[in-house]
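Here are my notes for a colleague who is opening this structure without having seen it before. Please read them with the sequence and the model side by side.

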Amino acid sequence: MAIFERRLQQKVVLDDTEAIVCTIETAQNIDGHTEYVLRVQRGPYPENSWRILRRYNDFATLNKCLQISGIELPFPGKKFIGNMRPDFIAERLYALQEYLKQVLMNPILASSLPTKKFIDPDSYSTPFHDLALQYASMCLRAEGVYTLGQSLGPIGWRLRKHYFKVVHKPQGNKHSPGHSTTKHHLIKSSSQSHGKQHTTQVCVTTSTEKDYNNSRDGSGKEDLILSWTEFGPDRYIDEKEIHSVLKNLGGVQHPYIAPIEYITSNDNGALVIRKFHKQGSLKDVLCAVSPCNPFLSKYGSPKGRAPLPLKELAMYARQILEAIRFLHSKGMAYGHVHCGNVVIVDGVARLMDVENFIFGVPSFYRPFFVQHSKINTCEAIDVYGFGHLLYEMCMGYPLQDSYARQITDCPDSLRALLESVLSKDACKSAMPTLDQLAAHPFFSEYAASFNEQYAAAIGVQKPHLKFSSNAKEQLKIAVQKTENRVRDEQKSVKNQKRLVRVQEMMTSEEEKKKIKHKAKQEQRQAKLRAQNSLQLNNGPPQTVTISASSGSAGAVMVKSDSANSITSPQDVGLMSPPPTHAAATDSGSGSVSSPLPPPPPSAPPLAPPSSLALFDQQPGSSASEGRRLHKSISGDDEYGTTTNRSALLESICNFNKNGLKKININEK
């Protein structure tokens, strides 16, 4: 490479349909106001993430821009007093997180430029409309046939596609090609530069604009609309061959494909001129809206949704299916089947934007089919999009998920057709082919006259689309690379889902261990609290010995500190031993005393059997009491089970000393 040779920098083309996740991590106080730290991630990889700072006023501005959609969003209100308290900031952070979640879950709101610019200002601060105006003007100036007219504003969902009215230049122009006698007033469109809130419709105007507002211009030709589209990430056709491919595509003829009036391209994108249909697309017909209204206001919350009658639905669907089959038979994929790319002209459905595959722009349903690894071919993608189109025509509203959980309120044949494409089992298995869809019993039942109508239409306009050998090779390579990119993205999404499941399982196991450990600790603490409360409530026991006579055993009762309670000797073992205190003096037979016998410091050793037998034969004690004392010392209770240490202490504390026989050692 030469020293002063300029290095070519490859332009990074973003996929605007990639899923974006936004999480508010924390809030911080900067210069007396609160700023929220947002972590944004594009796609499945955490490496493709960034952080931005947003204030509450930024959220309020976004919400004001999205109000045009008519969708109710849980946006928290403003507070002037006490808005710096930590508890209020934490509460507002949670509310703003829920608000962002609702916005990003809605496909219409998530694809809008205000949302994209809010979460990714570096990538979406480019003046897309001004660049489209510049490129379209340059292309038309070189042709010298059309004049650029009024901008139609953001009527479509693509951020990098812009629509303008065009008119034919007056005939008999003596100036050189590329120059016109009409005076252009170039005014920056605030709605397209998205600096405002789509409240003004300032655009490019010409002196021939009034002629366009009529049904036909002075030359007798129909109204025309120009669309400028930037090349997308799936454009794989070589720059040297793309002009010839577009030229061949411009001559497409089919009864169910909208014709192309003019098509050309440059290094950044391409423009296409078609006839303008005042009723709009099939989606405009289903929603009963004007096609020139902004995309958010048209489809955000339409009031006039209504499904199509079954016969019209079947006929339109069969015509669209035949147009897709024709493109695939010529070696060209479509990949953009949805109601916005279909127009109804004189009761006939026609497919539009067949050039999107060559432009490499992402599909509207791409976020859905990348979740299913079986939808990995161009034909399967078109079948999947056709299923969504059929569902919207049947129900009147689009399917907001990647598959249909339950399909009702339709005939059995139509439900079977929808389930073969949109059910969960169908998305996990292979999609049906286009030929299998065309042979489905639903069309033979509700569109039985399609073959006759198609034969009559072919007789009037014979289908035609011919590519050169180089163009066919370029289209084949583009199909292969497009499918490879879809498979790679599906693998990434699958691996990321698997990783998330593993993390959730690990987290759940750790949470279970923590909960189990916490329960054990709480159980131990509860047991200790119960023991402490028992000791505090009962206190040291007081014994009251009552002797009726010298020859009878004394009855022992243990008194508790609690009011109106007397504890029996059997319950004494359940309490802690009393503290040591002074021993009481023995009283004679027949006396009543209240001694507090001191507990022994430790359990005495077991006596030999000969000495134990003496306890049963001591005078002044009953035989049952002696046996009970023998069992207490030996460790066996009356049921033959081993007692605890408290039972031994009970026997020692309740032992009647008055019943013992005094032995004079000196007599021996």
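**Notes on sheet, helices and loops**

1. Strand β5 is mostly covered, with 8 of its 8 residues buried, where buried means under 20% relative accessible area, exposed over 50% and partly exposed in between (1.4 Å probe, protein chains only). Helices (H or I, at least four residues) and strands (E, at least two) are DSSP runs, numbered from the N terminus. The model is predicted: local features need pLDDT of at least 70 and side-chain atom pairs count only at pLDDT 80 or more, while totals for chains, interfaces and linings use all residues. Residues are numbered from 1 along each chain as its sequence is written, and side-chain values use heavy atoms, with hydrogens and water left out.

2. In a regular strand the side chains alternate between the two faces of the sheet. For β5, both faces are covered: Lys-161, Tyr-163, Lys-165 and Val-167 are buried on one side, and His-162, Phe-164, Val-166 and His-168 are buried on the other.

3. The sheet around β5 is open and has 5 strands in the order β4-β5-β6-β8-β7, with antiparallel pairing; two strands pair if DSSP finds at least two bridges between them. β4 (146-151) and β7 (262-265) stand at the edges with a single partner strand each, so one side of each is left without a neighbour in the sheet. Neighbouring strands are turned by 30° against each other on average, direction ignored.

4. Which strands does β5 pair with, and by how many bridges? β5 (residues 161-168) is joined to the antiparallel strand β6 (residues 224-230) by 6 bridges, and 4 bridges join β4 to β5, again antiparallel. Lys-165 has Ile-225 in β6 as its bridge partner, His-162 stands opposite Trp-228 in β6, and Thr-147 has Val-167 in β5 as its bridge partner.

5. Helix α6 (residues 128-143) lies across β4, β5, β6, β7 and β8 (269-275), running at about 120° to β6. Helix α9 (residues 239-250) also packs on the sheet, where α9 touches β7 and β8 and its direction makes about 170° with that of β7. Contact here means heavy atoms within 4.5 Å, and angles run from 0 to 180 degrees between N-to-C directions, with axes fitted to C-alpha atoms, for helices over the stretch in contact.

6. Helix α12 (residues 310-329) packs against helix α15 (residues 378-395) at an angle of about 165°, with the axes 11 Å apart. That makes α12 roughly antiparallel to α15, given that angles under 35 degrees count as roughly parallel, over 145 as roughly antiparallel, 65 to 115 as roughly perpendicular and the rest as oblique. Among the residues in this contact are Leu-313, Tyr-316 and Ile-320 of α12 and Phe-386, Leu-389 and Met-393 of α15. By class, the contact of α12 with α15 has 12 nonpolar, 1 polar and 2 charged residues; Ala, Val, Leu, Ile, Met, Phe, Trp, Tyr, Cys and Pro count as nonpolar, Asp, Glu, Lys and Arg as charged, and the others, Gly among them, as polar.

7. Most residues other than glycine have a negative phi, and most peptide bonds are trans. Asp-346, in the loop between β9 (342-345) and β10 (348-351), has a positive phi of about 55° although it is not a glycine, and at 76% relative accessibility Asp-346 counts as exposed. Asp-353, in the loop between β10 and α13 (356-359), has a positive phi near 55°, but at 8% relative accessibility Asp-353 counts as buried.
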